[in-house]
Every structure is written in C-alpha cells, then in structure tokens.
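Welcome, and please bring up your viewer. We will go from one selection to the next, with a short note on what to look for at each stop.

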Amino acid sequence: MTVTAIDHVNLSVPSARLPEMLRFYTGIVGLVEGERPHFNFPGHWLYADGGRLAVLHLASYSEDELALAQPTGRFNHLCFRMTGLAALKGRLDAAGLQYREQRREGNPVIQLFVRDPAGVMVELSFDRKAEGDV
C-alpha cells in the first residue's frame, strides 16, 4: 500500500455563495471547471494542470447548518491518492476503524472514508482500473 499524492480538498459552501466561489477559484486563482460525477447535491470540481487534476471540490449541501455542524466546519475532507486497496482495508479492519466504501457509476475511483483521531474526514482514493475493479 502506497500514498502517491494529496488528491484534492473539499470545501462545504453555502448554496447562495457557490457561484461566487466558482468565479473566485476560476477567474482569480486560475483553476478550470471540469467533469464531476453525479451527486445528489450541487457543486463543482475545479482542475489544475490544464484540466488534468481535480484539486478543489466545491460542494453545497441542502442546509448550510449541516456543513457548519461538521467537526471540521467548512473544511470537509482531505484526500490521498493511493494504491493497494486490499492492503489498506486489511489495516483499517485490523485497527478496528470504521470506514465507508463508495463506488459510484461514472466515477473512476473507489473511495474509502475514515475519520482521523482528531475527527477530520480522510478520503483514501484508489484508481478502479489499477485495482482491477472495472
């Protein structure tokens, strides 16, 4: 099992501010809006490196209070791009840590979500093809 990079940051954004956030991160910072899998909440995936890497996810949940009630506030989670899904799941299970696995149609990654000891949500992201899950 290997960590290969920090993959992205997810910010919880009030729905009324989502357009303003999108304009800031595209018009000022220079990120490019790109493809995003279908989720049941609005948001945008913003890409760096000429549209190759989705480094910032803006998400607007149904109620802003829900976003603010998270232990991490507007900062939603940190994501590490990984290899070795089976090995990591074994480590999580052996440590008795609860995690949520997510596989969405159209999303080229398998995602595991686990909280660190301080309560911060950590996403561990695995390329489906590389993991043999096509």
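## A tour of the aromatic rings

Select tyrosine 25 to begin: with a relative accessibility of 19%, this residue counts as buried, where buried means under 20% relative accessible area, exposed over 50% and partly exposed in between (1.4 Å probe, protein chains only). Before moving on, please note that this is a predicted model, in which local features need pLDDT of at least 70 and side-chain atom pairs count only at pLDDT 80 or more, while totals for chains, interfaces and linings use all residues. Residues are numbered from 1 along each chain as its sequence is written, and side-chain values use heavy atoms, with hydrogens and water left out.

At 39% relative accessibility, phenylalanine 24 is partly exposed. It sits in helix α1, which covers residues 18-28; helices (H or I, at least four residues) and strands (E, at least two) are DSSP runs, numbered from the N terminus.

Rings of Phe, Tyr and Trp (its six-membered ring) pair if their centres lie within 6.5 Å; planes under 30 degrees apart count as stacked, over 60 as edge-to-face and the rest as tilted. The chain has three aromatic pairs by this rule. Phenylalanine 24 and tyrosine 25 make one that is edge-to-face, at 4.9 Å centre to centre and 85° between the planes.

Now jump to phenylalanine 39 and tryptophan 45. Their ring centres are 6.3 Å apart and their planes stand at 45°, so this pair is tilted. Phenylalanine 39 is buried at 11% relative accessibility, and tryptophan 45 is buried too, at 13%.

For a surface stop, show Phe24 with Ile28 and Val29: they form a nonpolar patch with about 300 Å² of accessible area together. Patches take residues with over 30% relative accessible area and no salt bridge, joining like charges within 9 Å and nonpolar side chains (Val, Leu, Ile, Met, Phe, Trp, Tyr) within 5 Å. A salt bridge is a side-chain nitrogen of Lys or Arg within 4 Å of a carboxyl oxygen of Asp or Glu.

Finally, zoom out to the whole chain. You will find three helices and eight strands, in the order β-α-β-β-β-α-β-α-β-β-β along the sequence. Of its 134 residues, 39% count as buried.

Key. Accessible areas come from the Shrake-Rupley method with a 1.4 Å probe; for residues, only the protein chains shown count as cover.
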